[in-house]
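Please look through the sequence and the structure below before reading on.

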Amino acid sequence: MSARDKVKIHKLPTGVPGLDDILGGGFPEYSFNIIAGAPGCGKTTMAHQFVFANATPERPALYFTILGEPALKMLRYQQQYTFFDLSKLNSSFRFINLSEVLENRGLVGILEEITKEVEAANPSIIVVDSFRTVVRHVQENEVQVQAFVQNLGLLLTSWEATTFLIGEYVESELRDNPVFTVADGLIWLYQTVERNSVVRKLQIMKLRGQASVPGMHTFRITDGGLQAFSRTLGLSTRKQRKPDAKRLSMGIPELDEMLGGGIPAGDSLLIAGSSGTGKSLLATQFISAGIRAGQPGIVAVFEERPEEYAARADSFGLDLHTPIKDGHLKVIYLRPLDLSVDETMQEILDAIKAMGAKRLVIDSLAGFEMALAPGFRTDFRESLYRMIFSLTGIGVTILSTVEIEESFTELLFSTYSISFLTDDIIRLRYAEIEGQLRKLLMVVKMRGGPHSTDIRDYEITSKGLVLGERLTGYEHLITGLPSRVQRPVLKKRSTVHSSRRADR
Amino acid sequence: MARSNRLARRDEMISRTTANPEIRELAQRLLTHEATANDPSEVTMLPVMRVSEKLRRALSTLAGSSGFRSLLTRALSLAKVEVPALSAVQIKPDGSLEGLNLLADQHHSAEAGVILIAKLLGLLIVFIGQSLTLKFVRDVWPDFPVADTEPLEKNDHERAR
């Protein structure tokens with residue numbers, strides 16, 4: 001069958017930011033959908049968003065309320081959302097209350113009344129809210145319920161209308177409730193309390209005729225109604241690594257040399273080190289170097305506010321205020337404690353698109369993890385993987401910092417075991433050398449090619465992080481407790497690139 | 001004790017809104033509008049019953065008969081405080097009014113009608129806001145002049161100015 005012979009299914013916008021991507025373009029026209037979930041999880045609001053986004057006087061909507069939220073209460077609360085358009089009420093969509101029909105005439109009456117209203121109004125959108133209460137009301141007669149569901153499904157699907165049944169279901173009903181078999185689409189909304197945070201997620205459990213994004217997607221209810229965050233944000237393919245990728249400067253020429261000329265564009269770089277080693281400073285120098293090179297940047301901070309971040313950069317002679325004012329830099333302070341990675345990613349992605357940003361700093365991963373709702377922390381590594389994969393896929397170069405506990409017996413790269421997520425790793429650490437606490441820098445990993453194997457000391461000065469020489473004459477430097485080499489030192493040329501070096 | 005205080009505060013708030021002279025004026029205009037209407041089927045009905053009946057039909061579709069009935073019951077209860085003679089009025093199960101024509105004094109009857117409709121509109125404004133309430137009024141009486149910005153929800157501060 002050629003593409004020309006196939007029926008074209010139009011997709012209707014959901015009116016819920018992010019949900020169209022998750023559904024694979026929107027709700028299929030004339031589909032028969034169920035929005036299910038526990039009370040208070042946003043089912044009615046989602047239906048309203050769809051109605052307000054699509055209903056017109058020519059393509060009106062009918063909204064049947066039965067035993068759920070009374071329509072006056074619904075109007076009282078729904079009009080608080082920004083999508084609520086008063087002018088559409090009664091002209092583009094109408095509420096019809098059927099509670100007394102159910103009381104007086106039962107399911108047959110409901111079906112008759114819906115049929116009558118649908119025939120009279122010829123709507124393009126039909127919502128029955130709350131459908132579950134109808135079924136529960138008469139659940140003593142299973143045959144009657146099944147017949148009702150079948151007939152309602154047939155009526156709605158054959159009416160050339162996109163229809164929604166809204167119901168409070170529990171997942172265990174999925175197996176033996178006929179309504180789920182009849183439906184073309186099934187969206188399940190979840191709301192769970194984890195410690196002190198509320199976590200909202202949705203899942204497309206079924207959608208006929210088009211490919212939706214599988215899995216759980218977080219969503220938030222804001223003044224604008226529901227906002228959904230796709231697990232992939234539509235950024236599922238990573239670019240092929242180019243061996244000749246442009247190299248981005250870290251803002252420290254000696255470090256660029258150690259990296260083989262800088263960070264390959266589109267890489268993910270991890271700066272790992274313990275407290276006070278200068279991770280944030282290195283990140284700031286990286287972002288400043290980008291701005292000087294005409295590459296807009298974004299810094300996502302979790303532990304301090306943007307003004308504090310910019311003020312701290314001042315003390316190293318790095319002016320962030322001007323690029324912020326000029327729109328070349330955005331410092332995003334993410335509201336702590338109940339975020340999902342997907343929300344964070346959406347905010348970063350929006351900023352990247354708006355600014356054409358090329359560099360992103362996440363300072364720090366520990367702060368990021370703490371900002372997440374507890375339920376999302378368990379999936380942190382997986383979420384981080386999706387985020388890095390997606391953002392580097394659109395060519396953004398990411399620098400993340402991670403604080404690790406200093407060990408004087410081994411060299412840890414990360415407490416998160418996330419080094420596999422990164423292309424490049426720079427390790428900062430303390431070492432005790434001749435009665436001094438010195439700072440050491442080493443490039444541990446460069447996926448894009450050769451790099452220096454030097455261990456160099458560095459200082460944090462008023463001009464930023466200043467690299468010193470390669471440390472020779474010691475062994476066990478990476479443990480932090482080196483000792484003088486007793487045998488004659490064999491001077492080996494630095495592997496890539498350290499042009500300046502001197503024995504100590 | 002706390003609950004009765006809360007209820008008293010709520011009643012005071014509703015009473016303040018429904019006693020709003022602008023809402024009374026709107027109710028009065030609606031009754032006058034209905035009094036001059038020429039629908040033969042309604043000619044024997046009092047204007048207040050016509051207004052109430054038209055609102056009932058519109059709001060019952062939205063909120064169900066029982067939803068409308070509870071609103072009207074509350075409105076009647078509030079109106080009785082100002083017009084005790086309204087105690088003779090009953091609300092039928094379908095939400096229609098009964099007994100208004102039994103009010104002896106015609107002047108009192110008209111005033112009672114204004115207050116009852118004002119209370120009903122005031123309740124609607126409290127629950128769904130002025131814009132939606134006026135939209136319903138316009139939908140029910142398309143030829144009745146009511147402006148979008150008709151200031152029915154003035155607070156005490158605004159009214160004092």
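**Strands, helices and an interface**

In strand β10(A), A:T218 is the residue that stands opposite A:K201. Strands, like helices, are taken here as DSSP runs (E, at least two residues, for strands; H or I, at least four residues, for helices), and they are numbered from the N terminus. This is a predicted model, in which local features need pLDDT of at least 70 and side-chain atom pairs count only at pLDDT 80 or more, while totals for chains, interfaces and linings use all residues. Residues are numbered from 1 along each chain as its sequence is written, chains are lettered from A and ligands numbered from 1 in the order in which they are written, and side-chain values use heavy atoms, with hydrogens and water left out.

The strands β9(A) and β10(A) run antiparallel and are joined by 3 bridges; two strands are said to pair if DSSP finds at least two bridges between them. Strand β8 (residues 185–194) of chain A pairs with strand β9 (residues 197–207) of chain A, again in the antiparallel sense, over 10 bridges, and A:E194 has A:S197 in β9(A) as its bridge partner.

How many strands form the open sheet of chain A, and in which order? There are 9 strands, in the order β5-β4-β6-β7-β3-β8-β9-β10-β11, and their pairing is mixed. Because β5 (93–97) and β11 (225–229) of chain A stand at the edges, each with a single partner strand, one side of each is left without a neighbour in the sheet. From one strand to the next the twist averages 20°.

Two helices of chain A pack on this sheet. Helix α3 (residues 71–78) of chain A touches β4 (61–65), β5 and β6 (125–129) of chain A, and its direction makes about 120° with that of β4(A). Helix α4 (residues 99–121) of chain A also touches β4, β5 and β6 of chain A, but the direction of α4(A) makes about 180° with that of β4(A). Contact means heavy atoms within 4.5 Å, and the angles, which run from 0 to 180 degrees, are taken between the N-to-C directions of axes, lines fitted to C-alpha atoms, for helices over the stretch in contact.

Two details of the backbone lie in loops. A:N90, in the loop between α3 and β5 of chain A, has a positive phi of about 70° although it is not a glycine. The peptide bond from A:D363 to A:S364 is cis, with omega near 5°, and A:S364 is found in the loop between β17 (359–363) and α13 (365–371) of chain A.

Side chains of opposite charge can pair when their charged atoms come close. Over all chains, a search finds 19 salt bridges, each being a side-chain nitrogen of Lys or Arg within 4 Å of a carboxyl oxygen of Asp or Glu. One of them joins the side chains of A:R59 and A:E29 (3.2 Å, N to O).

Where chain B meets chain A, the contact takes 18 residues from chain B and 16 residues from chain A. The count of salt bridges between chain B and chain A is 0.
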